[in-house]
Amino acid sequence: MQQWVVEIAFETRRGVKIQEESFYLPTRNDVRLAVQKMGGYVLNIRPHERTPLERILARSSWWQVQLLRGIQFRSFATSPGVALWKMIEAETNPRRQNILAPAREALSRGLGIIDALKALRIFDHSTLSILSASERSNKLFEGIPHAIQSITQKRANNRAIMGTMAWLGFDVITIVQSLFWGKGMVLGFFQENKPTNPEELERFNRVVGNLELTWDVLIYFAFAMGGFMAWAVVSYILNRGKSDWPTARIVRKIPLIGGYLRDLGFSDSMSAAARMLKGHVPISDALEESANATSVPEVAQYWDNAREMLSLGINLGTALDKPPLTKAERLELATLSDLDQVATIMTAIAEMRTQSSKTKHKLIVWLAFVLTGVYLALAFGSAIYALTVMNMSMDSMMGGLLDGAI
């Protein structure tokens, strides 16, 4: 499904009237058919796009929490879908109206609240999975606080990581600036005061060459890492809410970070599956929804494979008993006997994965400290190394002055 902005011409008694309408439909042909039913003629069709500022505002955790709280507050007296519609109708800010336009179009065409929230493309898969699982169990009102808690917890984790990276980045940038701006001056001084003794000159050239190579490697490595991190952050902000994109695939290949994301994916999808099973959602539908609850392809493939095996008549325990689950998790699932037990075990696995993700989160932070310490040690070590070269230059210069005095 996609939102389209269409320029339509209508024939009236006063002549041709041109106006813009928005449609939430799968393809351009569907839009043309809808316009024909309205008695108009299509002049132009373009996908609905937000400005960069609107994308950043829409995908901020603050905006997401405010939207969910508004739905929860208005759901006391009406259904969540009607509550969202009333929020959209009451919005007067043009920028927020543009952000909420896809949801309004989805609701006006009779789609449910989950489809409307998906149309906004502002929530990540874990949040949508919590809301979708609660809605499938007819308990969306109870699921909204869990979704808000998930958003705030991830915001706290992101702030901890960003704060650590910012502090470490400040240290690295300070050292890199010193190397970058001081390299030419220091090496220029060395070249102007070379030793005159052939043996010392050979050793001097070797030391200066190694020093220059070390500084170049440190500087270019810092610039490359800084560029990659900036690219990853910007890509994450602009693509938040999407299922997959190139930067995410690259990041998932980093060993520790890939395991961290996989743990989060299993934690979110297992929680969603358990909540749906407790709400007596059919097991096949619960597995399908769990596959859509994560943006990690490996985790989504696990649920798809389990659903396919279940459709072939294989029992649920065997269908779920496969990698990438750990050996302990697979042993738990292999002993299943009823759906109530499945929900309990899935909840336990979700809690274990949550704890594992927190452990990996701490390891990532400490590893960042260690690697930054190694970088700073190399930078300071090369500076101390430069002092030995400076001593060689000073000895040569003083020797020349003494020879001239004699």
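Helix H3 passes helix H4 in a right-handed crossing, the label used if the near helix is turned clockwise from the far one by less than a right angle, with anticlockwise giving left-handed. Helices here (H or I, at least four residues) are DSSP runs, numbered from the N terminus. The model is a predicted one, so to speak of local features takes a pLDDT of at least 70, side-chain atom pairs count only at pLDDT 80 or more, and totals for chains, interfaces and linings use all residues. Residues are numbered from 1 along each chain as its sequence is written, and side-chain values use heavy atoms, with hydrogens and water left out.

Two packed helices are described by the angle between their axes and the distance between the axes. For H3 (residues 61–74) and H4 (residues 80–90), the axes come within 8 Å and cross at roughly 120°; axes are lines fitted to C-alpha atoms over the stretch in contact, and angles run from 0 to 180 degrees between N-to-C directions. H3 and H4 are therefore oblique to each other (under 35 degrees is roughly parallel, over 145 roughly antiparallel, 65 to 115 roughly perpendicular, and the rest oblique). On the H3 side, Leu67, Gly70, Ile71 and Arg74 meet Pro80, Ala83, Leu84 and Met87 of H4, where contact means heavy atoms within 4.5 Å. Sorted by class, this contact has 6 nonpolar, 1 polar and 1 charged residues (Ala, Val, Leu, Ile, Met, Phe, Trp, Tyr, Cys and Pro are nonpolar; Asp, Glu, Lys and Arg are charged; the others, Gly among them, are polar).

Next up is the pair H6 (residues 113–120) and H7 (residues 125–136), with axes that come within 10 Å and cross at roughly 170°. H6 and H7 are therefore roughly antiparallel to each other. Ile113, Ile114, Leu117 and Lys118 of H6 make the contact with Leu128, Leu131, Ser132 and Glu135 of H7. That contact splits into 5 nonpolar, 1 polar and 2 charged residues.

Now for the rings. The structure holds 4 aromatic pairs (ring centres of Phe, Tyr and Trp, its six-membered ring, within 6.5 Å; planes under 30 degrees apart are stacked, over 60 edge-to-face, the rest tilted). One of them joins Phe266 and Tyr302 edge-to-face, at 5.4 Å centre to centre and 75° between the planes. This pair links distant parts of the chain, with Phe266 in H11 (residues 255–278) and Tyr302 in H13 (residues 297–311), 36 residues apart. Phe266 is buried at 0% relative accessible area, and Tyr302 is buried at 2% (buried is under 20%, exposed over 50%, partly exposed in between, with a 1.4 Å probe and protein chains only). Together, Phe266, Tyr302 and Trp303 form one aromatic cluster.

Key: Helices (H or I, at least four residues) and strands (E, at least two) are DSSP runs, numbered from the N terminus.
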